[in-house]
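Please keep the sequence and the structure in view while reading.

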Amino acid sequence: MADTLNQIFTGLSIASILLLVSLGLAIIYGTMGVINLAHGEFVMLGAYSVWLLQTVFGLNLLICVVFAFFLVAAVGWLVERLIVQHLYKRPLDTILATWGVGVILQQGVRLSAGANLRYIKMPDWLTKAVPIFGVDVSAYRIFIFLLTVALLALTYFLITRTRYGFRLRAVTQNAEVARCFGINAARVYSLTFAYGAGLAGVAGALIGPLKSVSPDMGTNVVVDAFMVVVVGGVSSLLGTVASAGLLGELSGLLAYLYNDTLAKALVFFGVVILIRIRPEGMFTVHVRRG
Amino acid sequence: MNASNYARWRLAGYLLFCCLILIFPVILNNDYLLNKFMRYLVFGILSAALSFSWGYAGILNLGQAVSFGLGSYAMAMALKLRTIPIQTGAKGLPDFMVWNDVKTLPWFWEPFHSYAFAIFAGVAAPMLLALLLGWFMFRGRITGVFVSIITLAMLVVVNLLIIDQQRYTGGFNGITDLTTLEVFGVAFDAYSANTYYLIAGALCVVLLGGLAITQTKTGLIMQAIRDDENRVRYFGYDVAAYQNFALTVSAGVAGFAGMLYTLVMEFASPTFLAVPLSLSIVIWCAVGGRSSLIGAALGAILVTGVQGTLSESPAFLDTWMLFMGAIFIAVVLFLPEGLIGLIDIGVEAINRRRARTGEDRSKRPAMTVSDIALERSKRVREG
């Protein structure tokens, strides 16, 4: 019993990290059909900004997370304005351009911060383990889980209850008609890209203390996020959540039975077989898109 | 310049390039440089293979390095089994297996005692993998960006698997200390002209063969799919089959390039199927010109050539990736057809000037109905 529960908690922890990383990717893809290959590097940038703030100013992790959000969001906004904006009519080329951005960010960090592994301290009160139903769970992982839920709720609120979300949904459904009604679609795109990037920054800041921080940490992270997006489809937040939950539990279980690498490979094979059966993703309601 | 004229000039360009690379060793009498140049040509083959699937069929395979790596491992496995055992245990086990406490040769290593099988496997294994992946993707009508991220995910997974299975693959170190390939009494040493001719010949065959395929009906349908997949589907063509064909052929050629690369480098390593190499392939192809086989090959030779000449200073190598990223973005933004596209732009400019100065403006045929339809569909597609 305790083993099963332990396994479920591990899976939930992996799932919350997956969701954290893929949320930004899914929002950007869902809104403008752009797969941001620099997403992994945005995550890395978030982790490095925390490392920098911690080592230079000795700031608390929580404050750093907020900084990481705005810093990476600003970078994302710039990337959208300077590069991605010109490529909306060539979706395949956005992949290339954002990959180029990723290369520059990765190499830029390697040259400025060094190629060594860096470590981020977590606050003392989060290093303990908390017993839940007789199972010891790391407090930091619970913290990540709760923060992910909070971010998800915030994103949901933003999309469904605010002016900006209203415009976002309009532009997603039909950018042309939305423009006719006086919505500045370019602005919505820029803001959405920045928001997605900011989420990646938060993800990086939060997973930084769990893993070592290195310039190429983004690649592995982003591949998992791709799988979440492929499985979840892009029409709703719910799909992303369900898919992250499913893949998280599955990887947790497979990693327990075999090892991390085999778990990743098996999940990938599962995803490839799945796309043959449900190409639009597991959790997609059929919608017509303009 | 009309269409048949254009095709003639293009063929002339391809033939000229083939002649140049074939007579190259006569001019150059330096084994070290020859070896370097062989590497560039292998990358040229690899890049042309990507152009076949990406430029001609619209399938941006970000995992091209998987095929390359599998080919290179197939060749390395065969060469490893022929190495004179120095540190090996009983039954001629490769050294890294002895270190990893493997007692008997794994079953999938057995057939690699035969060169014929190894060469077959180096091409067939990547093709089979591509065919399987393609079947799942294209039958599910996955296209565009999703194909790219799925192939990229496959690259990362295969790379991790090879590093993880150290007992059978040599892990991080790869497969080293290889013997020289000898077929029918001809040795293919990494520094000999024989190997150069093998590689240059392969590049010629790939370029001319690829060009020939793109001129067939199959090639035309591939290009039609690239431009408008649904329209081709409405015509009753089996779109998935053609996409699969493009991906599989491209993977086979990349696998062959991988085998040649092992001959040149004298080892196989997991870096041959890592993300940076796959990224480089896409960059070469984009810089040279994605929708031209020779453009892609030239892009690879040019970029790796410049990189090779400048790699003497390590400080430069660090900034090189930074520079490459910037070049990549610039090409994607401003020169989608790559450097080879400059020729088209130049030709067009000359044509326009001729049309302006000449009086044959009135002789231009009126727009036909199909032209108008094409124009309209283009406008619609561009939103």
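## A residue and its surroundings

Does Met259(B) count as buried or exposed? The model under discussion is predicted. In this model, Met259(B) has 26 C-beta neighbours inside 10 Å. A residue is buried if 20 or more other C-beta atoms lie within that distance, so Met259(B) counts as buried.

Met259(B) is located in helix α11 of chain B, which covers residues 239-265. Apart from neighbours within four places in sequence, the contacts of Met259(B) include Gly71(B), Ser72(B), Ala74(B) and Met75(B). Ile119(B) and Gly122(B) are also in contact with Met259(B). Val123(B) is 136 residues away from Met259(B) along the chain, yet their C-alpha atoms are separated by 8.5 Å.

## Helix α3

Helix α3 of chain B comprises residues 64-82, 19 residues in total. From its first C-alpha to its last, the helix reaches 29 Å, close to the 27 Å expected at 1.5 Å a residue. Because 18 of its 19 residues are buried, α3(B) is largely enclosed by the rest of the structure.

## A pair of crossing helices

Two packed helices are described by the angle and the distance between their axes. The axes of α2(B) (residues 31-57) and α13(B) (residues 293-310) come within 7 Å and cross at roughly 140°. This angle makes α2(B) oblique to α13(B). The contact between α2(B) and α13(B) has 12 nonpolar, 8 polar and 2 charged residues. The crossing is right-handed.

## The chain as a whole

Chain B contains 16 helices and 2 strands. Of its 383 residues, 43% are buried.

Key
Residues numbered from 1 in each chain as written. Chains lettered and ligands numbered in written order. Predicted model: local features only at pLDDT ≥ 70, side-chain atom pairs only at ≥ 80, totals over all residues. Helix = DSSP H or I, 4+ residues; strand = E, 2+ residues; numbered from the N terminus. Buried ≥ 20, exposed ≤ 12 C-beta atoms within 10 Å, placed from the backbone. Contact = placed C-beta atoms within 7 Å. Expected span 1.5 Å × (residues − 1). Axes fitted to C-alpha atoms, helices over the stretch in contact; angles between N-to-C directions. Parallel < 35°, antiparallel > 145°, perpendicular 65-115°, else oblique. Left-handed = near helix turned anticlockwise from the far one by under 90°. Nonpolar A, V, L, I, M, F, W, Y, C, P; charged D, E, K, R; others polar.
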